[in-house]
Amino acid sequence: MNKATRKAVIAGNWKMNKTPAEAAALIEEMKPLVKDADCEVVLCVPYVDIAAAVEAAKGSNIKIGAENVHFKASGAYTGEISAEMLLACGVEYVIIGHSERRTYFGETDQTVNLRTLAALNAGLKVIVCVGETLEQRELGYTETLLKFQTKMALTGVTKEQLKNVVIAYEPVWAIGTGVTATDDQADEGNGFVRAAVAEAYGAEAAEAITVQYGGSMNAKNADGLVDKINVDGGLIGGASLKAADFAVIVKAASK
Ligand code: PGA
């Protein structure tokens, strides 16, 4: 493994938080704190905050992402947003298949795949989320499930497009719970994801892909997590709403 050749990505997932004015203010606060980052810094924000966030981040090293995308380019899909629309607004990244979308909004491995293909074909970078529930872990299905979810999400994605794919291993039991995976659990989960990429695309592609950890990563535990060989940064929920905490995590990933 040569972790040094992979680019760590620290991405905030703001979920359903912040108005446009609050988003702009938080980004202004973050900009000076993360300007020397030696990793990719992304903030995934609610759709209505995108314009304000893109404006606030202009000229900085912060990239703006969305939290979901529809798989059709346009049409009668009330309430949905297409990849082309996001690109036109200055969005560079999009989170796909977050466990909250799988749990509350009927997201399936198939729709995750459709969204991934649509986003990549339009030219967005994707952060695809995979992760097991506590029950699945206790039953011993973590490896099987992570490999399945990863391969399903990437079905039809070309080797070339894989360069625009980040995968976030997010154990469902660790998201928003304050229960973080141990450094070794995160490393193992990320390793299963990387192994799935190796099975589908070969060792070189697996070596190159950025695999994040997500789930209660914070200013205190980030150091140990991102130190692990298979952990190339993180997808950060709660701690990405506080500039100082987010900056500490960015610093940890910049070492
Ligand atoms: P959390 O969320 O950091 O608040 O646990 C992570 C995520 O949902 O991506």
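**View 1. Crossing of helices α7 and α8.** In this predicted model, helix α7 (residues 142-153) and helix α8 (residues 183-201) cross at roughly 50 degrees, and their axes come within 9 Å. Axes are lines fitted to C-alpha atoms, for helices over the stretch in contact, and angles run from 0 to 180 degrees between N-to-C directions. That angle makes α7 oblique to α8 (under 35 degrees counts as roughly parallel, over 145 as roughly antiparallel, 65 to 115 as roughly perpendicular and the rest as oblique). On the α7 side the contact is made by T142, E143, L146, K147, T150 and K151, and on the α8 side by G189, F192, V193, A195, A196, V197 and E199 (contact means heavy atoms within 4.5 Å). Sorted by class, the contact of α7 with α8 comprises 6 nonpolar, 3 polar and 4 charged residues. Ala, Val, Leu, Ile, Met, Phe, Trp, Tyr, Cys and Pro count as nonpolar, Asp, Glu, Lys and Arg as charged, and the others, Gly among them, as polar. Helices (H or I, at least four residues) and strands (E, at least two) are DSSP runs, numbered from the N terminus.

**View 2. Packing of helices α1 and α2.** The axes of helix α1 (residues 20-34) and helix α2 (residues 50-57) are 8 Å apart, at an angle of about 25 degrees. That makes α1 roughly parallel to α2. α1 passes α2 in a right-handed crossing. P20, A24, I27, E28 and K31 of α1 make the contact with A52, A53, A56 and A57 of α2. This contact of α1 with α2 has 7 nonpolar and 2 charged residues, and no polar ones.

**View 3. Packing of helices α1 and α11.** α1 also packs with helix α11 (residues 243-253), at about 35 degrees and with the axes 9 Å apart. The crossing of α1 and α11 is right-handed. From α1, L26, E29, M30, L33 and V34 meet A243, A244, F246, A247 and V250 of α11. The contact of α1 with α11 divides into 9 nonpolar residues, 1 charged residue and no polar residue.

**View 4. Loop between β1 and α1.** K15 lies in the loop between β1 (9-13) and α1, and K18 is placed in the loop between β1 and α1 as well. Neither is a glycine, yet K15 has a positive phi of about 55 degrees and K18 has a positive phi of about 85 degrees.

View 5. For K15, a polar side-chain atom lies 2.7 Å from an oxygen atom of the ligand. G176 places a backbone N or O atom 2.6 Å from a ligand oxygen atom, and for S216 a backbone N or O atom lies 2.7 Å from an oxygen atom of the ligand.

**Notes.** Residues are numbered from 1 along each chain as its sequence is written, and side-chain values use heavy atoms, with hydrogens and water left out. The model is predicted: local features need pLDDT of at least 70, side-chain atom pairs count only at pLDDT 80 or more, and totals for chains, interfaces and linings use all residues.

Key
Polar contact = N/O pair within 3.5 Å; in protein donor to acceptor, adjacent residues only side chain to side chain. Left-handed = near helix turned anticlockwise from the far one by under 90°.
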